[in-house]
Amino acid sequence: MTQLWLAFAILLLPALWLLIVPLRRAEGVRAAQCAAEQDEPGTEQNVSIYRRRLASLEAALARGDIDAERFEEDRLELERGLLEDTERSRRSPLKSALSGRLLVPVTMIVLVAVSVFWYRHEGAEDDLALRAAQQQVLQKPDASVSELVQALEIQTARQPENADVWRALFPLYRDTGRVEDAESALTRLIELEGRRPALLAELAQLRYFAAGRTLDEDVQALVDEVLAEAPDQPTVLGMLGIDAFESGDYRLAIDRWRRAIAGMGDTGSADALRQGIETAQRRLEASGQAGNGKPGNTQTNGGASPDAAIDRVVD
């Protein structure tokens, strides 16, 4: 984490430098502006121009080129122009180049504070801490699953709202036989991420095996909820295939497993289901009911244990 914050500090340096650059150029900009204003026509020059034009009007009046009415109109127009030119040339004095300098360090502090605040709420600091805890254990030559579980449990206390912590803990609890802890972790994950079909399917499967491969009312309610939203959810279909196999309905088990394989991205689980299909097919052939239940391009492995094949389905 120290390296991460150091990297952030390095990234902030260009932004802070951009805030300082105007200060370094302020004196030069002020000097250039003063020079430009001095070169602009001033009030005295505008008055001189006014007087020359007024003299020309008076001469025209004396020669009879214009009458008195025209003379008054042109004179009023000259006076109006003089007032407008005077207003435009009137400027407030330039402030010192040091004026407002205190605002720059305040802005720099606010920029750093806002960046840190934003990252702590929107960034991946928790995920980085989780990964660091995992790597710390996995890099040990004699690392054990229990050590990894302990490291993750510490993270649940530090960041209980991080779904990735519970997602990492759930399979470790499940694979080490800590069913109650696995269910608690999965339930917490569902609370954080919502009742997603994939998570509900995992919960249904966990409770199904915890109940001794029994499709009770609680498990059936979860199955119905999953299938209502995702009819081809592979985890639920795989579990329903096992339930059909256990009930002796091998043709239904084959159908459900084949549908599960179609939506499955895990090669190992798909291979386990294929072995289950082979076992179910042999049972059908042994009972003389193969018929339409025979799956296409399925090879029979006579030496495989049916129970072992079914056990692999749930690994």
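Student: What is the relative accessibility of R167?
Tutor: This is a predicted model, with pLDDT of at least 70 needed for local features and 80 or more for side-chain atom pairs, while totals for chains, interfaces and linings use all residues. Numbering runs from 1 along each chain as its sequence is written, and side-chain values use heavy atoms, without hydrogens or water. Partly exposed lies between buried (under 20% relative accessible area) and exposed (over 50%), with a 1.4 Å probe and protein chains only. R167 counts as partly exposed, at 32%.

Student: Which residue forms a salt bridge with R167?
Tutor: A salt bridge puts a Lys or Arg side-chain nitrogen within 4 Å of an Asp or Glu carboxyl oxygen. Here the closest N and O atoms are 2.4 Å apart.

Student: Which residues share one salt-bridge network with D164?
Tutor: R196 and E193 meet in a salt bridge at 2.5 Å, N to O. Bridges with shared partners then join D164 to R167, E193 and R196.

Student: How many residues apart are R174 and E202?
Tutor: Their side chains form a salt bridge at 3.7 Å, N to O. R174 is in helix α7 and E202 in helix α9, so the pair links distant parts of the chain. The separation is 28 residues.

Student: Which residues does L186 touch, beyond four places away in sequence?
Tutor: Contact means heavy atoms within 4.5 Å. Beyond four places in sequence, L186 touches F170, L199, E202 and L203.

Notes:
Helix = DSSP H or I, 4+ residues; strand = E, 2+ residues; numbered from the N terminus.
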